[in-house]
Amino acid sequence: MTEQSISPHLCGSRQKRRKKEEKKKGIESAKMLLAVLFSNSEGNILVERFHGVPAEERLHWRTFLVKLGADNLKGAKNEELFVASHKSVYIVYTVLGDVCVYVVGKDEYDELALAEVIFVITSSVKDVCGKPPTERLFLDKYGKICLCLDEIVWKGMLENTDKDRIRRLIRLKPPTECLITAIEEVLFYVKSFKCVTTYQIQSKE
C-alpha cells in the first residue's frame with residue numbers, strides 16, 4: 001500500500017502512535033544502566049558496555065571512571081562497594097581480584113539498584129573464573145565473561161540476576177559464540193586504540 005492511498009486520519013493516527021512509542025523509548029532510555037566497565041589496576045579498559053551514551057561522550061566516561069578508581073580503590077577489599085553520584089547519575093564501583101568494576105546508572109537505577117547489578121556481575125565473573133580473577137585469568141575467560149554480561153544487562157536493562165540461570169544460558173550457547181564475542185571485542189579495542197593514537201599524534205603536530 002502506498003502512502004498516497006492512506007487517509008489523513010490514518011496518517012495522523014500513525015504519527016501519534018509513533019510519537020507515543022518514541023516518547024516511551026525516551027523515558028526508558030532515561031532510566032537505564034548507562035555503562036558497565038572493567039579495567040585493570042593500571043586503568044586500561046578490559047571490557048565495556050555503553051547504553052544510551054553518545055560515542056563522543058564515551059572517552060570522557062572512560063577517563064572519569066578510571067580516575068575515580070585510581071583515587072579510591074587502592075587498598076580496597078574485594079567487592080567493597082564505593083558510591084559516587086552527580087545529579088541523577090549514580091556510580092557504584094569495586095575491585096575484584098586484579099580487576100576494577102564500574103556500573104553507571106540514572107534515575108531508578110540508583111545506588112541500591114546498582115549495588116544489586118554489580119553483585120550479580122561480580123558473582124558471575126567469580127563463577128566463570130573460579131575465584132576473584134587475576135588480569136591473566138580474566139583475559140583467559142574473556143569470551144564467557146562477555147556472554148555473561150550480555151545475559152545480565154540487555155539494552156541498558158537488568159535482565160537476569162540468578163547466577164544459576166545465567167550459567168545455564170551460557171552453556172546453551174555454542175563455544176564458537178564465545179570465541180566470536182572475544183574476537184569482536186579485541187578488534188573493537190584495537191580500532192579504538194588506533195583512533196586515540198592517531199588523535200594524539202595529530203594533536204602533538
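How much accessible surface does the chain have, and what percentage of that surface belongs to carbon and sulfur atoms? In this predicted model, the accessible surface of the chain comes to about 13,000 Å², and 55% of that area belongs to carbon and sulfur atoms. Of the 205 residues that make up the chain, 39% count as buried.

**Overall layout**
- The chain has seven helices and seven strands, and when read along the sequence these elements follow the pattern α-β-β-α-β-β-β-α-α-α-β-β-α-α.
- Among the contacts in the chain with a separation of 6 or more, 53% are accounted for by residues 24 or more positions apart.

**Helix α2**
- Helix α2 covers residues 55–72, and at 1.5 Å a residue its 18 residues should span 26 Å, which agrees with the 27 Å that separates its end C-alpha atoms.
- The buried residues of α2 are W61, R62, L65, V66, L68 and G69; seen down the helix axis, the buried residues fall within an arc of 155°, so they line one face of α2.
- On the face of α2 that is turned away from the buried side, the exposed residues are E56, H60, K67 and D71.

**Residue I152**
- I152 lies in helix α5, which covers residues 142–152, and I152 is buried, because its relative accessible area of 1% is under the 20% cut-off.
- Although I152 and I121 are 31 residues apart in sequence, their C-alpha atoms are 7.3 Å apart in space.
- Leaving aside neighbours within four places in sequence, I152 is in contact with V120, I121, S124, M157, L158, E159, N160 and I166.

Terms used:
Residues numbered from 1 in each chain as written. Predicted model: local features only at pLDDT ≥ 70, side-chain atom pairs only at ≥ 80, totals over all residues. Heavy atoms only, no water. Helix = DSSP H or I, 4+ residues; strand = E, 2+ residues; numbered from the N terminus. Expected span 1.5 Å × (residues − 1). Buried < 20%, exposed > 50% of the residue type's maximum accessible area, 1.4 Å probe, protein only. Arc of directions from axis to C-beta. Contact = heavy atoms within 4.5 Å. Areas by Shrake-Rupley, 256 points an atom, 1.4 Å probe, with all protein chains shown as cover.
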